[in-house]
Amino acid sequence: MFNTSKHNGEFSDLDVVVCVKHVPETAEAELRIDKTGKAIEKTSLVFDINEWDDYALEEAVRIREKQGGTVTVITVGAQDSESTLRKCLARGADTAIRLTDPKFENSDAYAIAKILHSAIKNLHYDLILLGAQAGDDGSAMVGPILAEMLNIPHATMTKKIELNTGTAKVNRELEGGLEEQLEIKLPALFAVQTGINEPRYVSIMGIRKAMQKEIKVMGLADTGLTEADVGPAGSWTTIEKLYVPPVEKQAEFLKGTPEEIATKIADIVKSRGLI
Amino acid sequence: MAKIFVLVEHRQGRLRDITFEMLTKANELTEKTDAETTAVLLGNNIVEHAKTLTEYAKTVLLVQDPKLENFNSEAYRKILAKLITEHKPSLVMMGHTSYGIELAPRLATALGTPLATDCLDLTFEADGLAVTRQMYGGKVNVKAMLRKAETYMTTVRQATFTAEKPATPPNGQIAEVPSLLTEEIAEKRFLQYVLPPSGGVDITAAEKLIGIGRGIKDQTNMSMIEELAKTLGAVLACSRPIVDKGWLPSDRQVGSSGKTVKPKLYLALGISGAFQHVLGMKSSDLIIAVNKDPKAPIFSFADYGIVEDLFKIVPALKGKIYELKGQKA
């Protein structure tokens, strides 16, 4: 699996698979729960690549640039997730796979991992990268589940990856600013934490190139899975309802023009003896 | 008798807070049913930890092995898979921590046990285990049901349950179980702990902090905030995205993966208030938050909130403070 003859004899080609998710950007959006009570209204939201996956893709492209090989991006999502795959191709991925089927809808992280596994197990890979979590459900599960299904070692919360022949040294984020360094045999799966690198912007050249690349589309029938494996039937968890988090305490809101608000803040701070 | 397993989390000789938070929740659940709380403790030379845990759990399952000196998810997976298969607990709880995140999904898959992560609450209902979690960075709560099973697994958010010693001491028994590890885990080895280099500023010592977040939008806006900090005599701190972008060094990060601070003033600018950040600053004496989203979670932790564009507030506030300082002088 490890070809050591290329690239100055120092590094070998690596085939990297990156799992990405197409998610709504919600950090600064005001969210509403829809009529079903089980999802949010998404029509007014902008969708993009999951922030954590963005770092995973960048890491994969950097590895390919340094030591050769390929980068394949893969997603489970509806047809509109195509835009996220195009973005990945524009940023340097070589090939893309979209797993789309109405039966995949409402899959939880476990069912998503099964769907990803069904496609990835037939690919050649030395490394699988993905975000440590997704900004929508935040379950942080898909990576380790996929690693178990593929029977390869893994690390989550990865802040640094240093590749050697057949192994990788990775730093994992613990709590309170502490990290741990592990040595892991390849092939392996790493779920990366934000901040591991600085994702690049898409170049015009990249966008042009991406337009010509083909995206392979697979449905349930192509995966070898059954209806019972995916969607709610194949999931560990089912959403009963969504609701606005109860407010235990609410800030006293300061209102007025910016000048008036500034005066109020300054007075409060001064009254505490802090000016 | 039905059991609830709590995986004890410890590091560098210390039992971590999440352990006691989970044990408290487990005891609350076992009180309602006829189950028993079992603390599962894996490590090396940790009898002292086991003794401490007897004050919280009816049973402490202890596995000691030099190969468990440091956390290794593969070693834990092997041992826990056997213990869970043997004891068939109704629930296995772990922290939604770096360790729990590394271990739980893989162990659950190996055992075919339904798992819900990052839980804020757990309730046994007629149809099975119901959990409360959050989505979209804490903006929405979710009630979810786990698929019916003999054993459920959950990871639990830190600082969600308040740790309390049981009113009636359980006088727990320590049951030592031999380790089944025959050799080191070859595919995944712990090398060392790493502390990122310090940037020279100790935000935990500051009396006044200005915390900045994603709402700053662009690095060129930093200078405006720095000027305000200078005028106010405050130190700049931040939430994770600012460190990720490289605008401030990692020792300025407030939150679960950064520092815990307790200044006299925490002025949060453009911080939405994801729990990871809030965990590190909610005990500040005075919290004032500026955010454009009126529903931003930070407003449930702040004393005063301002729903406004921070770029309008910051220059005005700088001017006001400058004025007040002038009067004083």
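**A helix pair and a sheet**

A: Let's start with the helices: in this predicted model, helix H3 (residues 73–87) of chain B and helix H4 (residues 98–111) of chain B have axes that come within 10 Å and cross at roughly 45°. That angle is why H3(B) counts as oblique to H4(B). As for handedness, H3(B) and H4(B) cross in a right-handed way. So who's touching whom? On the H3(B) side, the contact is made by Ser73(B), Tyr76(B), Arg77(B), Leu80(B), Ala81(B) and Ile84(B). H4(B) brings Glu102(B), Leu103(B), Arg106(B), Leu107(B), Ala110(B) and Leu111(B) to the contact.

Now for the strands. There's an open sheet of 4 strands, in the order S12(A)-S10(B)-S9(B)-S8(B), and the pairing is antiparallel. At the edges stand strand S12 (237–243) of chain A and strand S8 (121–125) of chain B; each has a single partner strand, so one side of each has no neighbour in the sheet. On average, neighbouring strands here are turned by 25° against each other, ignoring direction.

Zoom in on where chain A meets chain B in this sheet: S12(A) and strand S10 (residues 140–146) of chain B run antiparallel and are joined by 6 bridges.

Technical notes:
Residues are numbered from 1 along each chain as its sequence is written. Chains are lettered from A and ligands numbered from 1 in the order in which they are written. This is a predicted model: local features need pLDDT of at least 70, side-chain atom pairs count only at pLDDT 80 or more; totals for chains, interfaces and linings use all residues. Axes are lines fitted to C-alpha atoms, for helices over the stretch in contact, and angles run from 0 to 180 degrees between N-to-C directions. Helices (H or I, at least four residues) and strands (E, at least two) are DSSP runs, numbered from the N terminus. Angles under 35 degrees count as roughly parallel, over 145 as roughly antiparallel, 65 to 115 as roughly perpendicular and the rest as oblique. A crossing is left-handed if the near helix is turned anticlockwise from the far one by less than a right angle, and right-handed if clockwise. Two residues are in contact if their C-beta atoms, placed from the backbone, lie within 7 Å. Two strands pair if DSSP finds at least two bridges between them.
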